[in-house]
Amino acid sequence: MSQENVEIVRRLYSLTPDAAGVVRGDYDNAFVDNFHPDVEIVPPSSYPDTPESGYRGPEGMLHWFQQLDEIWDDWRFEAERFLDAGDRVVAFVRVSGSAKQSGAALTISTAHVLTLRDGRVTRVDVFLDRPEALEAAGLRE
């Protein structure tokens, strides 16, 4: 099942290189089909204006993406690598965009740990530190 999980996650990231498309509703069917209705999104605690408990469900996910869209222009998620961790998949992701107010460009390397159950994503933990993400998934670099 774990290789199937990697393929599910790979497919999801191939659908959304333009992450702002989530806000526009371009990928609603893909999200309904691939995410559990109670999916949890847990951004790093250092992200500003995020609830401690993260975001829950499709509405929570949309809210998180809308917050990002308010701050960034042309922001993208580009998956670079996927690592099998059983019921979890670690995705090394490059996030890029430019700040709406200043126009400053940003590119950061992040990692997302996606937990899957029955072929659907139930949780996404976002890490700014890739080794920390690997540790959280029970892997070593």
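Contact means that heavy atoms lie within 4.5 Å. Among contacts in this chain between residues at least 6 apart in sequence, 48% join residues at least 24 apart. This is a predicted model, in which local features need pLDDT of at least 70, side-chain atom pairs count only at pLDDT 80 or more, and totals for chains, interfaces and linings use all residues. Residues are numbered from 1 along each chain as its sequence is written, and side-chain values use heavy atoms, with hydrogens and water left out.

**Overall layout**

- The chain has five helices and six strands. Both are DSSP runs numbered from the N terminus: helices are H or I with at least four residues, strands are E with at least two.
- From the N terminus on, the order is α-α-α-β-β-α-β-β-β-β-α.
- Of the 141 residues, 44% count as buried. Buried means under 20% relative accessible area, exposed means over 50%, and partly exposed is in between (1.4 Å probe, protein chains only).

**Nonpolar cores**

- A nonpolar core is a set of buried Ala, Val, Leu, Ile, Met, Phe, Trp, Tyr and Cys residues joined through side-chain atoms within 4.5 Å.
- The largest core has 26 residues, and F35, L114 and V121 have the most contacts inside it.
- Helices α1 and α4 (57-71) each supply at least two residues of this core, and so do strands β1 (35-42), β3, β4 (88-99), β5 (105-117) and β6 (120-127).
- Helix α1 gives the largest share, five residues.
- Leaving aside neighbours within four places in sequence, V121 is in contact with L12, N34, F35, H36, V39, L114, T115 and L116.
- A second, separate core has ten residues, including A85, A111, A133 and A137.
- In soluble globular proteins, nonpolar side chains tend to be buried together.

**Aromatic pairs**

- The structure holds two aromatic pairs. Rings of Phe, Tyr and Trp (its six-membered ring) pair if their centres lie within 6.5 Å; planes under 30 degrees apart count as stacked, over 60 as edge-to-face and the rest as tilted.
- Y13 and F82 form a tilted pair, because their ring centres are 5.9 Å apart and their planes stand at 55 degrees.
- This pair links distant parts of the chain: Y13 is in helix α1 (residues 2-15) and F82 is in strand β3 (residues 72-85), 69 residues apart.
- Y13 is buried at 11% relative accessibility, and F82 is buried at 17%.
- W75 and F77 form an edge-to-face pair, because their centres are 5.7 Å apart and their planes stand at 75 degrees.
- W75 is buried at 2% relative accessibility, and F77 is buried at 9%.

**Largest pocket**

- On a 1 Å grid over the protein atoms alone, a pocket is an open set of points where a 1.4 Å probe fits, with protein on both sides within 12 Å along at least five of seven lines; lining residues have an atom within 4 Å of a point.
- The largest pocket holds about 370 Å³ of space. Grid points are joined across faces, edges and corners, and the volume is the space filled by probe spheres set on the points.
- The lining has 20 residues, of which Y47, W64, L68, I71 and W72 lie nearest the centre.
- Elements α4, β3, β4 and β5 each give two or more residues to this lining. The largest share, five residues, comes from α4.

**A buried threonine**

- T110 lies in strand β5 and is buried, with a relative accessible area of 1%.
- Leaving aside neighbours within four places in sequence, T110 is in contact with A91, F92, V93, V95, F127, L128 and R130.
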